[in-house]
Amino acid sequence: MKRLEGNIFVVGLGLIGGSIALAVKKAHPDAVIIGYDVNEQELKLARSLKVIDEAASSLEQGMEQADLIILATPVMQTEKILAQMPVHLLKENVIVTDVGSTKQRIVHHARRLGKQGITFIGGHPMAGSHKSGVAAARAHLFENAFYVLTPTNGVAVEKIERLKEWLKGTKAQFVVLSPEEHDRITGVISHFPHIIAASLVHQAQQYEKENPLVSRLAAGGFRDITRIASSNPEMWRDIFIHNKHELLTLFDRWIAEMKKLRSIVEEENSAAIYHYFLEAKQFRDGLPARTKGAIPSFYDLYVDVPDYPGVISEVTGYLAKENISITNIRIIETREEIYGVLRLSFQSEEDRAKAKACIQQHTNYETYEV
Ligand SMILES: NC(=O)c1ccc[n+]([C@@H]2O[C@H](COP(=O)([O-])OP(=O)(O)OC[C@H]3O[C@@H](n4cnc5c(N)ncnc54)[C@H](O)[C@@H]3O)[C@@H](O)[C@H]2O)c1
Ligand SMILES: O=C(O)C(=O)C[C@]1(C(=O)O)C=C[C@@H](O)C=C1
C-alpha cells in the first residue's frame with residue numbers, strides 16, 4: 001500500500017472533517033494532519049482525541065503549509081472561505097477539496113482558484129449521520145459509501161488520482177459527476193427528504209398541543225422516518241439555500257403528488273391506494289442494499305434487543321464462540337421503554353447468515369436485514 005507523506009489541512013473539525021482526518025491518517029500514518037475550527041473547543045477536542053496532530057492558529061497558517069486542503073465546514077462557510085482563500089500563500093502543487101453536500105455553488109466559487117493555477121476538486125462523501133461535532137467522528141464512517149467527486153474540465157487526471165490516493169482510507173467508492181447532476185440527485189434522495197422529516201415533526205408538535213400523548217405514542221415508524229430531523233440545523237439551512245432551484249422544483253412536484261394522493265384517499269379508491277403503496281414498496285425493496293449505494297450498504301444484520309445492561313456483550317459473546325467476526329457494531333436506535341436496535345456489520349453474506357442462525361439459536365431476539 002502506497003503511503004503518502006505531506007501536510008493535510010482540515011478546515012472544520014466536525015463529524016465529517018474529523019472522520020476524513022482519521023481515515024487519511026489511517027492510510028497515511030506519516031502524513032501530518034493540521035486542523036482549524038472557528039470553535040476553539042472543537043479544535044481542542046480534536047487535538048485531545050488525536051483526530052489531528054496539530055492545531056493551526058489561523059486559516060492562513062494552515063493553508064500555507066498544506067499539500068492537501070480539505071474544507072469541511074457548512075456549505076455557506078465553504079463558499080466564503082473559497083472566496084477569501086489567500087492563493088498567493090498556497091503551495092504550487094496543493095490540491096484543494098471540500099466535502100459539502102452541494103456542489104454547483106461551491107465549484108462556481110472555486111473557479112477563482114483554477115484561474116490562478118490551483119487545483120480544486122469538489123467532493124462529497126455520501127454518508128453521514130444526524131450527529132455533529134468531532135466527538136462523533138469515526139474513521140470508518142464512509143466505508144462502502146459513494147464518494148462523489150466533481151472535477152471541472154481543466155483538472156488533470158493525475159490530480160484526481162492523487163486525491164483518491166489521499167482519501168483511500170475512507171474505503172469509499174469514488175464516482176465522478178458533474179456538479180449539476182450531483183445537486184439534482186442529492187436534491188431527491190437527500191435534501192428534500194430532510195424537509196419532509198422536519199415537517200412531519202412540526203405536524204406532530206402542533207398536534208401535541210391538543211394532546212400531550214402524541215410524543216409518548218410516537219413509535220418506531222415515526223422515529224425511523226424522522227431520525228434525520230435531529231441533524232444540525234445550520235448545515236441543512238445552508239444546503240437548502242445552495243440547492244434552492246432544485247428544491248423548489250421538488251416542492252412543486254411533491255405538492256402535486258400530495259394533491260393526487262389526497263383525492264384518491266378522499267374517494268376511497270382502494271385499488272389506487274394499494275398500488276401506490278405496492279409500487280413504493282417494490283422500488284424501496286429493490287434499492288441496492290448489498291451493492292454500494294447512496295444508502296451506505298454493508299452486510300448488516302439488525303437485532304431488536306431488550307434495553308438492559310450487558311445485552312450487547314451477550315450477543316457478541318455468542319458470535320465470538322462461533323468465531324464469527326463483526327466489522328462494526330452500533331446501537332442505531334433506542335426506542336425508549338421498548339427495545340434497542342443493534343446493527344451488526346459483517347464482511348460477507350456468509351458471515352451474516354451464520355450470525356443470524358447463531359442469534360436465533362441462542363436468543364429469541366428478532367433479527368432482520370434491511
Ligand atoms: N453530516 C452529514 O451527514 C454530512 C455528510 C456528508 C457531507 N456533509 C457536509 O460536510 C460539511 C460539514 O458537516 P458536519 O456534519 O461535519 O458538520 P459539523 O457541525 O459536525 O462540523 C462543522 C464544523 O465546521 C466548523 N466551522 C463552521 N464555520 C467555520 C469556519 N468558517 N471556519 C472553520 N470552521 C468552521 C464548526 O465549528 C464545526 O466544528 C457540511 O458542508 C455538510 O454539508 C455532511
Ligand atoms: O444518515 C444521515 O443522517 C444523513 O443525513 C446522511 C446524508 C444523507 O442524506 O444521506 C446527509 C447529508 C449528506 O450530504 C450525506 C449523507
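This is a predicted model: local features need pLDDT of at least 70, side-chain atom pairs count only at pLDDT 80 or more; totals for chains, interfaces and linings use all residues.
Residues are numbered from 1 along each chain as its sequence is written, and chains are lettered from A and ligands numbered from 1 in the order in which they are written.

The chain is divided into domain 1 (7-177), domain 2 (182-285) and domain 3 (299-368), with bounds that come from an automatic or database domain assignment.

Within the chain, strand β4 covers residues 68-71. Helices (H or I, at least four residues) and strands (E, at least two) are DSSP runs, numbered from the N terminus. Strands count as paired if DSSP finds at least two bridges between them. Strand β1 (residues 7-11) pairs with β4 in the parallel sense over four bridges, and Ile8 has Leu68 as its bridge partner in β4. Strand β5 (residues 95-98) also pairs with β4 in the parallel sense, over four bridges; here Leu68 stands opposite Ile95.

In a regular strand the side chains alternate between the two faces of the sheet. In β4, Leu68 and Ile70 point one way, Ile69 and Leu71 point the other way, and all are buried, that is, 20 or more other C-beta atoms, placed from the backbone, lie within 10 Å of the residue's own.

The centres of domain 1 and domain 2, taken over C-alpha atoms, are separated by 31 Å. In domain 1, 14 residues are in contact with 16 residues of domain 2, contact meaning C-beta atoms, placed from the backbone, within 7 Å. On the side of domain 1 that touches domain 2, α4, α5 (104-109) and β7 (146-151) are the elements that give two or more residues.

Helix α4 returns at ligand 1, where its four residues form the largest share of the shell. Elements that each supply at least two residues of this shell are α1 (15-27), α4, β6 (119-125) and α11 (233-242). Domain 1 and domain 2 each contribute at least three residues to the shell. Of the 31 residues around ligand 1, those that come nearest are Gly12, Gly14, Ser101, Gly128 and Ser132; a residue is near a molecule if its C-beta atom, placed from the backbone, lies within 6 Å of it.

Definitions and conventions: A residue is buried if 20 or more other C-beta atoms lie within 10 Å of its own, exposed if 12 or fewer, and partly exposed in between; C-beta atoms are placed from the backbone. Two residues are in contact if their C-beta atoms, placed from the backbone, lie within 7 Å.
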